[in-house]
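The sequence and model are shown first.

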Amino acid sequence: MLNNINNLLHIEEVALNQVAQEFATPVFVYSENALRQAFSAYKNAFNQIDTLVCYAVKANGNLNILRLFASLGSGFDIVSGGELARVLQAGGSADKVIFSGVGKTAAEIEFALKSGIKCFNVESMPELTRINEIAGSLNKIAPISFRINPNIDAKTHPYISTGLKNNKFGIPFEQAINAYSTAQNLPNVEIIGVDCHIGSQLTEVQPLIDACERVVALVDDLGNLGIRLSHIDLGGGVGIRYQNETLIDLSVYANAVAKIIGNRPLSLILEPGRSLVGNAGVLLTQVEYVKHGEEKNFVVVDAAMNDLARPALYDAFHDIVPVCVKDIAPITADVVGQICESGDFLGKNRSLAVAQGDLLCVKSAGAYGMSMSSNYNARARAAEVLVSGSQSKLIRRRETFADLWQAELI
Ligand SMILES: *Cc1c(COP(=O)(O)O)cnc(C)c1O
């Protein structure tokens, strides 16, 4: 989606220096075409199975992006009442919403029940009890699936690995049968599925296939006990290329899942986040200073960890390239923000041919960029722009200083 035309980076047909000129920096820029293509890739790969793609809102919750995915037929995976409100505000339909997360509050459960969501992915027995009670008080039946922890090593960063025994997510595989039996006896829940999500930024398909096998084996065991499920949900987690990662071939994944499901009457839910938006967006930032230290050089830019937290949070790599290719000698430098934390960097030891005032493009910033941003250091949040062909549209205005204290009471 990024093209170099006459030594100038473009998204689709729009030159990035034009975006910076019109909307200032820092700014997130997304390609509508790349978003559409990422969604189609799932639809095409999984077309042999009855599949509902539920975009994981937490990756990027901008209303325009939610609206685009809704128009393509997407459902949504949410982890909070706020995300449900976003989906509804964007015009998404509640009956394609699944609700994940370990800590659903009573208020969130009530909101989701009243909205009529498709399914609660239940992560603990106390949560099951609470959902049943609240559904009872509202005279409703809550559709549920259990999030099972298949105990599979997703071989990813420990902070984003979620399928192992020692983390907080899901119900241990060994306790699944008991959990379903308990649920079967509750008056205000209806068991409809089973769910797992083993981690994020996965670069190998085998752990996903292993998880699918375990989940379908559980479906069979439950069937033998008279508990019939209508869907399996394999979560998200498909990785993207930030640097030189190998990529999961979605058709390999889909074929394996189709084979495991066989002729069982099961539909499939997927919850991709990163792989739908990550490489559809970049963060544009301007060089404020080039600082030559005694041991290190620093390129100080106007974006920081409050805009893009992933490097500081996970030591994540984002490729950083100049918007205009220049014929000057490159320096090796850390690309850092203005925040008063040593952890505030966007990239380390990068070779960059840049000078003060130049624009840099931080790649693969469409997922967990804006959605993880904050106002730390009283920094107003960046703008967001959606490019389509030769058009660029502001989809979130830059915050003002007044936005910073808007919710505060004196
Ligand atoms: C974060 C999350 C996802 C999305 O993960 P990606 O790696 O972005 O695809 C899906 N399901 C659940 C339950 C999650 O927590």
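## Salt bridges

The count comes to 12 salt bridges, a salt bridge being a side-chain nitrogen of Lys or Arg within 4 Å of a carboxyl oxygen of Asp or Glu. One of them joins K114 to E110, with the closest N and O atoms 2.8 Å apart. Both K114 and E110 belong to helix 5, where they are 4 residues apart, about one turn of the helix.

This is a predicted model, in which local features need pLDDT of at least 70 and side-chain atom pairs count only at pLDDT 80 or more, while totals for chains, interfaces and linings use all residues. Residues are numbered from 1 along each chain as its sequence is written, and side-chain values use heavy atoms, with hydrogens and water left out.

## Packing of helices 4 and 5

Helix 4 (residues 81-89) packs with helix 5 (residues 106-115) at an angle of about 25 degrees, and their axes are 9 Å apart. Helix 4 is therefore roughly parallel to helix 5, a term that applies to angles under 35 degrees. Axes are lines fitted to C-alpha atoms, for helices over the stretch in contact, and angles run from 0 to 180 degrees between N-to-C directions. Helices (H or I, at least four residues) and strands (E, at least two) are DSSP runs, numbered from the N terminus.

Helix 4 contributes G81, L84, A85 and L88 to the contact, and helix 5 contributes E108, F111, A112 and S115; contact means heavy atoms within 4.5 Å. By class, this contact has 5 nonpolar, 2 polar and 1 charged residues, with Gly counted as polar.

## Two domains

The chain is divided into domain 1 (2-30 + 278-404) and domain 2 (32-274), with bounds from an automatic or database domain assignment. Their C-alpha centres lie 32 Å apart.

In the interface, 24 residues of domain 1 are in contact with 18 residues of domain 2. The two domains bury about 1,900 Å² between them, 52% of it on carbon and sulfur atoms; buried area is the accessible area (1.4 Å probe) that two parts lose on being put together, summed over both. Y314, F317 and Y368 supply 30% of the area that domain 1 buries against domain 2, more than any other three residues. Between domain 1 and domain 2 there are 0 salt bridges.

## Backbone geometry

Most residues other than glycine have a negative phi, and most peptide bonds are trans. T25 and P26 are joined by a cis peptide bond, with omega about -5 degrees. P26 is in the loop between helix 1 (16-23) and strand 4 (27-31).

D315 has a positive phi, near 60 degrees. D315 is in the loop between helix 11 (310-314) and strand 16 (320-322).

Key: Angles under 35 degrees count as roughly parallel, over 145 as roughly antiparallel, 65 to 115 as roughly perpendicular and the rest as oblique.
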